[in-house]
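Trainee: I'd like to learn how to read the features of a model one at a time. Could you take me through this one?

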Amino acid sequence: MDTEPLRNPSSWITTGDLRNWEDSETNQTYKAADPIRVIVGLEADCPPESDAYWRMGYAEPVQLTQWSLAAAPGHPIFQTFLDRLSANLRNTTFRRSSRIHGTEDQAALNRIDPLLLTGPAAFTEAVKGWLETTTGLRWNALSGLTDGGQSKVVGDVLVLPITGFRYVVTSLPWFMFCANRGSPGRGMYGNMGSKSVDDPSARLFHHAQGSWRKTDFVVEVGKFCRTVFGLCRDWPKVSYVLE
């Protein structure tokens, strides 16, 4: 495990997290009327009108983590996630059956970016789809860039600001050597409003040291190309080891 709780999960919800909040564009007010049944946290928080999010390797300007969350058993968000995963697998493989077999099917699956299949991008799509359908939420309203990182309740879902489940970058690409590595965010590069690890909004410390990672020259070149030149948007974002 590469996550470290900073306090007991039973104390993750505070009175301040349940404050009413308003979407500044639609003027819709959201209130914590129902018991909280899901807690999620932001991984990325970028201005939606800019290209900053994809240059940093994210699929959405406002994107959730999937390495840490809390939820009541059987919440519909997870069925939504599984339905989307199943549909993606069916659409990717050449045989439309309940079983995935054959070298062509396996090769097609191996070409899928795992972040888009089961990672933060996929989890974000599931939660986003659920909340937009059930509450009419404007997804980018969850950004904390203009309100100091306020937690936001939508229906029975509590969305923590980027500091809540944020990670520490211990190994930056060589071209970002000047960034401050001691922040739960990304120091000067891509901080996105992330605060220090001892901030009251920090619930969990993510060391970002998954055993599935491996060094890959193409991935590193892609990071440089996206960050510096704004190109290579669709190159692989992360290396991983096939089991």
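This is a predicted model: local features need pLDDT of at least 70, side-chain atom pairs count only at pLDDT 80 or more; totals for chains, interfaces and linings use all residues.

Trainee: How many salt bridges does the structure hold?

Mentor: Eight. One of them joins Lys128 to Glu60, with the closest N and O atoms 3.5 Å apart. Lys128 is in helix α5 and Glu60 is in the loop between α1 (52-55) and β5 (62-64), so this pair ties together parts that are 68 residues apart in sequence.

Trainee: Why do Lys128 and Glu60 count as buried?

Mentor: Compare each value with the cut-off: buried means under 20% relative accessible area. Lys128 has 18% relative accessibility, so it counts as buried. Glu60 has 12%, so it counts as buried too.

Trainee: Which residue does Lys152 meet in a salt bridge?

Mentor: Asp147, with 2.6 Å from N to O. Lys152 counts as buried at 2% relative accessibility, while Asp147 is partly exposed at 30%. There's another thing to look at here: Lys152 also lies over the face of Trp21, 5.7 Å from the ring centre.

Trainee: Now for rings. What describes a pair of aromatic rings?

Mentor: The distance of the centres and the angle of the planes. This structure holds four aromatic pairs. In one of them, Phe224 and Phe229 have ring centres 5.6 Å apart and planes at 80°, so the pair is edge-to-face. The angle settles the label because planes over 60 degrees apart count as edge-to-face.

Trainee: And how accessible are Phe224 and Phe229?

Mentor: Phe224 counts as partly exposed, with 24% relative accessibility. Phe229 counts as exposed, with 53%.

Trainee: Which residues form a nonpolar patch on the surface?

Mentor: Phe217, Val218, Val221 and Trp235, with about 390 Å² of accessible area together. Phe217 lies in helix α6 (residues 217-229) and is exposed, its relative accessible area being 67%.

Trainee: Let's turn to the backbone. Where does Asn27 lie, and what is its phi?

Mentor: Asn27 is in the loop between β2 and β3. Its phi is positive, about 65°, although Asn27 is not a glycine. Asn27 counts as exposed at 52% relative accessibility. Met192 also has a positive phi, near 60°, and is a residue other than glycine. You'll find Met192 in the loop between β8 (157-160) and β9 (204-206), where it counts as buried at 10% relative accessibility.

Trainee: How far apart are Pro73 and Val38, in sequence and in space?

Mentor: They are 35 residues apart in sequence, and 9.5 Å apart in space from C-alpha to C-alpha. Pro73 is found in the loop between β6 (70-71) and α2 (76-92). Pro73 is exposed, with a relative accessible area of 78%.

Trainee: To finish, how many helices and strands are there in the protein chain, and what share of its residues counts as buried?

Mentor: The protein chain has six helices and nine strands. Of its 243 residues, 44% count as buried. As for contacts with a separation of 6 or more, 65% are between residues 24 or more positions apart.

Conventions. Residues are numbered from 1 along each chain as its sequence is written. Side-chain values use heavy atoms; hydrogens and water are left out. Helices (H or I, at least four residues) and strands (E, at least two) are DSSP runs, numbered from the N terminus. Buried means under 20% relative accessible area, exposed over 50%, partly exposed in between (1.4 Å probe, protein chains only). Contact means heavy atoms within 4.5 Å. Patches are made of residues with over 30% relative accessible area and no salt bridge: like charges are joined within 9 Å, nonpolar side chains (Val, Leu, Ile, Met, Phe, Trp, Tyr) within 5 Å. Accessible areas come from the Shrake-Rupley method with a 1.4 Å probe; for residues, only the protein chains shown count as cover. A salt bridge is a side-chain nitrogen of Lys or Arg within 4 Å of a carboxyl oxygen of Asp or Glu. Rings of Phe, Tyr and Trp (its six-membered ring) pair if their centres lie within 6.5 Å; planes under 30 degrees apart count as stacked, over 60 as edge-to-face and the rest as tilted. A charge sits over a ring if NZ of Lys or CZ of Arg is within 6 Å of the ring centre and within 35 degrees of the ring normal.
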